[in-house]
Amino acid sequence: MSLPVMSEQYLSRLKAFEAVILSNQTKIEAWFRQKWSEHTPPFYGSVDIRNAGYKMASIDMNLFPGGFNNLNPAVVPLAALAAQSAVERACETAKSILIVPENHTRNTFYLQNVYALSNILRSAGFEVRLGSLNPEITEPTELTTALGDKVLLEPLQYTRNRVHLADGFSPCLVLLNNDLSAGVPEILNGLSQKVLPPLHGGWTSRRKTAHFAAYNEVAAEFAELIGIDEWQINPYFEQISGLNFQDREGEDALADAVERMLAKIQAKYDEKGITDKPFVIVKADAGTYGMGVMSVKSADEIRGLNRKNRNKMAKVKEGLEVSEVIVQEGIYTYETLNGAVSEPVVYMVDRFVVGGFFRVHEGRGTDENLNASGMLFVPLEQNIPVAGDESGGEERCKRVFAQWDSLGVPQTNGDLDCECNRLYVYGVLARLSLLAAALELGQPQPAS
C-alpha cells in the first residue's frame with residue numbers, strides 16, 4: 001500500500017499547493033516555533049483532514065483522541081518522546097499518570113486504544129494506571145481488548161481535592177481520555193492535581209464553532225505568511241442555535257444558513273474555476289464519534305427532512321440533545337485507497353505530529369462523512385512489496401511512510417512527489433488546527 005491516489009484533474013492543483021508549502025518550509029517551522037513559545041499546545045489531539053486537491057483543510061479537531069490503536073506500533077518511540085515533553089510541561093516531577101477513560105467497557109476497540117495510549121506513556125518512563133468513572137466498576141476489573149491484550153480498570157476515588165485509587169495511587173497528572181459528553185463529574189471539579197485536557201475542553205462546554213473561530217485567526221496569519229488564499233486551508237462556517245429537530249423548531253433559520261453558505265461557496269468556486277457542486281456539512285456544535293452529521297446540497301433538504309433523519313440529528317453521544325449546529329463548508333475528498341474514499345487523520349502529542357492513519361469507507365461518497373459505521377483504518381506506515389516483487393516476500397518489502405516523524409521531514413531536493421512530502425503537508429494542516437485549539441483553550445505558555 002502507498003499513499004491514496006487522486007485523479008490528475010485534482011492532483012495538478014494539489015501539487016501546486018504542496019509546492020508552496022514545501023518552498024516555505026523554513027519559514028513555516030520558524031513560525032510554529034514562535035507560536036509554541038506563546039501558547040501551550042493541548043496534551044494531545046487528532047485532526048480529520050479533507051483533501052479536494054484545490055482545497056485541503058482540517059474539518060474537525062478531537063481533544064480526546066480515541067484511536068491510538070490505529071497507529072503503527074513503529075511510532076511508539078517518537079510518541080513516547082513527545083509524551084515526555086507534554087508531561088514535563090504539566091508536572092515537571094511527574095513519575096506516574098492516572099488516565100480517566102471513557103465508560104466503554106464493552107467497546108473492545110476503544111479498550112485497545114487505552115492499551116496503546118498506556119503503552120506510549122509507559123515507554124516514556126511513567127507508571128500508568130486507569131481510574132474509571134463507570135459506576136459499574138466497583139472493584140479492580142480486568143478487561144480484554146480487541147487484540148487480546150489486558151487492561152485493568154479501577155474505581156476512581158476522591159479525598160481532599162485529589163482523585164486516587166484504592167491503594168492511594170494519586171499522581172500529580174490526571175489525563176482525560178473521556179470527552180465529558182455526559183457532563184463534568186463532580187469528582188473532577190476543583191482538583192489540586194493537573195487535569196489535561198482541561199475540563200472546559202470537554203463537550204459539556206466546548207463548541208466546534210469556537211474552535212473554528214480560533215482557526216480563522218490562525219489560518220489568516222498562516223495564509224499571509226506563505227502568500228496563499230486563506231480559503232485554500234479554511235472552510236467557511238456559521239453557527240445556528242435555537243434548534244429542536246424533532247419539533248422542527250429553527251428549521252427555517254437553518255435552511256437559510258445553508259442557502260447562504262452554498263451561495264458563498266459557489267461564488268468562490270466560480271472565482272477559482274471549480275466545477276464541483278457545493279455542499280455543506282451540518283453537524284452538532286458539541287459532539288463527537290461522527291454522530292449528528294449530515295451532508296446537504298440544497299436548503300430544501302433541510303425543510304424536507306424526514307422523521308428518521310430528524311431523530312438522527314436530534315441527539316448525539318450520551319443522549320446529548322442538539323440545539324446548536326455548525327453549518328460548515330463541505331470539502332470533497334478525492335483521495336482513494338483501493339477505490340474507496342479516504343481521508344487522513346493526524347495524531348499529535350504536545351506540539352509534535354506522531355503519526356496517523358487513513359479513515360477509509362467503501363460505502364460512502366466523496367461528499368459524505370466517513371466517520372460512520374463501516375469505516376476502516378489504514379495506518380500511515382505499512383510494509384509493501386517492492387515493484388516487480390511478485391512473491392510479496394518480507395525480504396523485499398520497503399517501508400513507504402518511514403519519513404513520518406515529529407515534523408514530517410519533507411524531501412525538498414530532487415523528487416517533490418515523494419510520499420513524505422504529502423505527509424509533511426498533512427502535518428502542517430494538523431498543527432494549524434492544534435494551534436487553534438491552544439488559542440481556543442486559552443492557555444498561554446508559562447514564563448520560563
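**Close-up views of a predicted model**

**View 1. D285 sits in the loop between strand 12 (280-284) and strand 13 (293-296).** Helices (H or I, at least four residues) and strands (E, at least two) are DSSP runs, numbered from the N terminus. This is a predicted model, in which local features need pLDDT of at least 70, side-chain atom pairs count only at pLDDT 80 or more, and totals for chains, interfaces and linings use all residues. Residues are numbered from 1 along each chain as its sequence is written, and side-chain values use heavy atoms, with hydrogens and water left out.

**View 2. What surrounds D285?** Not counting residues up to four places away in sequence, D285 touches several residues, including W203, R206, K208 and Q239 (contact means heavy atoms within 4.5 Å). The D285 side chain also makes a polar contact with the side chain of T209, at 2.7 Å. A polar contact is a pair of N or O atoms within 3.5 Å; within protein, one must be able to donate a hydrogen and the other to accept it, and residues adjacent in sequence count only if both atoms are side-chain atoms.

**View 3. D350 and R89 form a salt bridge.** Their closest N and O atoms are 2.9 Å apart (a salt bridge is a side-chain nitrogen of Lys or Arg within 4 Å of a carboxyl oxygen of Asp or Glu). The pair links distant parts of the chain: D350 is in the loop between strand 16 (340-349) and strand 17 (352-361), and R89 is in helix 3 (residues 76-90), 261 residues apart. Is each partner buried or exposed, or in between? D350 counts as buried at 1% relative accessibility, while R89 is partly exposed at 29%. Buried means under 20% relative accessible area, exposed over 50%, and partly exposed in between (1.4 Å probe, protein chains only).

**View 4. K297 forms a salt bridge with D367.** Here the closest N and O atoms are 2.9 Å apart. K297 lies in the loop between strand 13 and helix 7, and D367 in the loop between strand 17 and strand 18 (376-379), so the pair ties together parts that are 70 residues apart in sequence. K297 is partly exposed, with a relative accessible area of 28%, whereas D367 is buried, at 16%.

View 5. By the salt-bridge rule, the count comes to 24.
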